[in-house]
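Visitor: I have not seen this structure before. Please take me through it in questions and answers.

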Amino acid sequence: MRLFYITLKYLAVTLWSVFVIAPFLWAISTSFKDFQSVTGGATYIPWVDFEPTLDGWQSLFKSPARGGVDIVEPFLNSVFVTAAGSLVSIILGTLAAYALSRYTFKAGPMRNGDITFFFISQRIMPPVVLAIPFFIMLGKLGLLDTLLGLVLVYVVLLMPIAVWIMVDFFNKVPQEIDETALIDGCNPFQAFYKVVLPNSIPGIIVAGMFCMIFGWTDFFFAFILTFTEVQLLPVAIVALNSSITPWWSLSAAALVSVAPLVVVAFIVERYLSKGNLSGALK
Amino acid sequence: MSLIASNLSLKPEEQYHLDDICFEMSQGQIYTIIGRTLSGKTTLLKTIAGLIAPDSGGLVLDGNDFGSIPVWKREVAMVYQQFINYPHLTVYENVAFPLKQRGTQKAEIHNRVMNALSQVGLEGFQSRKIQALSGGQQQRVALARSLVKEAKILLLDEPLVNLDYKLREQLREEFKSIFNTKASADSILIYSSTDPVEAMQLGGQILVMDEGRILQQASAKEVYENPNSTKVSQITNDPAMNLFEGMVGEGKIILSPEIQFDSPKHFKGLPEGTYTFGLRAVAITLGEIGFPFAIELSEISGSETFLHLKHNEINLVGLLDSVQSFSIGEKVTVKFDISHLYAFSTDGSLKSSPYGGLM
C-alpha cells in the first residue's frame, strides 16, 4: 500500500512537472527556430529535427526598421515601473501595516480590521472597474502614457498586497519586542527601524515578491494607460502577435520576460533557506 | 531613592486593570508582586515602565514626576516572561543595545557588557546568535541587558514562568544572588510572580494583587504568617489554603456534627459566631484519631502525596510527607493541626492567626 502511495505521489509530481516545464521547453525550442522550422510542421529536437538559429534572440535587440522587434526599451520600462512601484508600495505598505498592527484606530464604526480590509478590498474589484477612474485621473494630471503615471497606478494596486501581508507578519512579531526597544531607549520610530524592521525582512521579501510578480506581469493597466510614448514588456510581447507572428522572436521575448522573476525566486529561495531571515522569536 | 505610586487607576473597559494602587518603594529592596493571572501585575509593571498610561493617579521618583517622562527616557529596565531579545543581533549586541542607545563610549560598553554577561554566567557566548541559545540562556541575555543599564528601577515580569522546572529552580537561585548584590543595592527591584514559593524565596516585600487592587503589602514573613484576607491566603499558598465554614461556640469549633474540636489557644477571645477557617495543606494529614473523610484524589509530587479529601460539603487538600497510593472513595481518618488554624470573618478578613493571635 505504501509503495502504491509513493508511486502515486511521484507520478503526480512528474505529471505536474511536465505540465509546468513543457511550455518553457517549447518556448526555448521555438526561440531557436526560424520561419521554416516553425511553419513546416512540428519539430522538437535541435540539430535533429531543425537547425537552431539565434535569429529570434538577435531580433530582440534590433529595431523594427532592421527587421527586429526591439524589446530593450519596454524591458527597461517594465523594470523601472515594477521596481519603483514595488519599492514605494513596500515602504508605504510596511509603515501602514505597522501602524495597523500596533496602534488602535477608531473612525466611526471602523476599526483596524476594517481599515485593513478596506486596503485589500481595492484588489477585490475587477481591474476593469478601476480602469476608467484611473484613465480619467491620469488624464487630468497629464500623466497618461507616462512612466510616472504607471508607477502611481501600480502603487495603488500593489500597496494593498504589501499592507495585507505585512499586517499579518507584524501581528506575529510580539509587541514585547517593540516595548523592550522603547525601554532600552528607542523612541517609537527607532524601535520600528532598529528592531522591528530587521526582524521583518522575511515578510518584506514575501510582500516584495508578490508586488514584483503582480507589477511585472500586469498587462491590463499597462495596455489601457499607455499609447505610443511608453510601452511595457507584456504589451510589447502581445503586440508581436500580428497577422504574421514571428513565433521565434515572441518565444525569446517571453523567456526574457520570465527570466527576472525566475532569478528573483531563486535568490529569495536561497536567502530564505539559509535561515538568515528567520524571525526566531521563541 | 523612592518610588511612590498614588491612586493609580486604569479602567479601559468594564473592569479595572488597576484600581487605586498606592505604594512606596525604596532603593535596595526587592518587591515581589504576587497575584493570579489577570490580577494586574503586568499592567502595573508596564505602567511603571511607561508603556501604559494610567487613567488617573501618579508616579513620583525621588520627588520628581515620573509619570510624564516618556518610556525611552525613563530609568527603567524590564525582563518579560517571554524570552524577549533582538533575534537579529548577537548576544553581545543585544546586551550592548541600551548602552549604544544612550551613546555610551565603546570601551565602557565593552566593560559593562562583559561584566553583565559574567554576572549571568554567559561568558564566552557573546558572539552567538540568540536563536542558538536555549530558553534559559535567552532569559539570561534578557536579564544581562536589563542589568547593564544600571537602571533605577528593574522590573521582572514572571521571568522564570516559561522555563522548565529544573532550570527555573536553578535560575531562581542565581537571580536571587544577583539581586542580593549590586543590582538590588543600586535600584528598586520589582519582581512579579504567580508562584507563592518563588515570592517567599525571594524574600523582601510582597504586594499581593487581585483584580487590579493591592490586597496586602508587607514582608514575605508577615504575608505568610498573617494573610489579611481569605483571598490573600489563597493567592500566597500553594496549594491554596483550605477554607471551610464553621462555628465558634462554647470553646469549641464546629464544622459539622461529626467534626468538632476544641478551640486552639490563639482563638482565645474570639467572639462566638460563624467564621471561615483556614488551614494549610501541611497541617492536614492522616492519623489514627481524627475525622472521617473520603479520598477524592491522591497526587504524588516528588516525595510527597497530596490528598484531596471530602466530608459532606467540606473539601480539603492534605499533605503527606511520603509517597502513598490511595483508591478513590477510600475512607481515611484525617488529623488537623489546629495550632495552625486561621479564623476569617465571613466577609473574608483575618480575625485570628496562629502567629499574631486576635486581629
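Guide: This is a predicted model, and the questions below go through its helices, sheets and chain contact.

Visitor: How many residues of helix H1 of chain B are buried?
Guide: H1(B) covers residues 41-49 and is mostly covered. Among its buried residues are B:Lys41, B:Leu44, B:Ile48 and B:Ala49. The count of buried residues is nine of nine.

Visitor: Which residue with a positive phi follows H1(B)?
Guide: The helix itself takes in residues 41-49. The residue that follows H1(B) has a phi near 95°. That residue is B:Gly50.

Visitor: Is B:Leu171 buried or exposed?
Guide: B:Leu171 lies in helix H5 of chain B, which spans residues 165-186. Leaving aside residues up to four places away in sequence, B:Leu171 touches B:Gly136, B:Gln139, B:Leu160 and B:Leu163. A residue counts as buried if 20 or more other C-beta atoms lie within 10 Å of its own. B:Leu171 has 20 such atoms within 10 Å, so B:Leu171 is buried.

Visitor: What distance separates the C-alpha atoms of B:Leu171 and B:Leu202?
Guide: Along the chain, B:Leu171 and B:Leu202 are 31 residues apart. Their C-alpha atoms are separated by 12 Å.

Visitor: How many nonpolar residues are in the contact of H2(B) with H3(B)?
Guide: H2(B) passes H3(B) in a right-handed crossing. The contact includes B:Tyr92, B:Val95 and B:Leu99 of H2(B), and B:Ile109, B:Val113 and B:Leu117 of H3(B). Two residues of the contact are charged and no residue is polar, and the nonpolar ones number eight.

Visitor: Which element gives the largest share of the side of chain B that touches chain A?
Guide: The contact takes 19 residues from chain A and 22 residues from chain B. On the side of chain B, two or more residues come from each of strand S6, helix H2 and helix H4. That side divides into 15 nonpolar, six polar and one charged. The largest share is four residues, and the element that gives them is H2(B).

Visitor: Which strands stand at the edges of the open sheet of seven strands?
Guide: The order of this sheet in chain B is S13-S12-S11-S14-S19-S20-S21, with antiparallel pairing. Each edge strand has a single partner strand, so one side of each is left without a neighbour in the sheet. Within the sheet, three bridges join S14(B) to S19(B), and B:Gly278 has B:Tyr342 as its bridge partner. The edge strands are S13(B) and S21(B).

Visitor: By what angle are neighbouring strands of the sheet of four strands turned against each other on average?
Guide: This open sheet of chain B has the order S17-S16-S15-S18 and antiparallel pairing. S17(B) and S18(B) are the edge strands, each pairing on one side only. Seven bridges join S15(B) to S16(B), where B:Ile295 has the bridge partner B:Leu309.

Note on methods
Residues numbered from 1 in each chain as written. Chains lettered and ligands numbered in written order. Predicted model: local features only at pLDDT ≥ 70, side-chain atom pairs only at ≥ 80, totals over all residues. Buried ≥ 20, exposed ≤ 12 C-beta atoms within 10 Å, placed from the backbone. Pairing = 2+ DSSP bridges. Contact = placed C-beta atoms within 7 Å. Nonpolar A, V, L, I, M, F, W, Y, C, P; charged D, E, K, R; others polar. Left-handed = near helix turned anticlockwise from the far one by under 90°.
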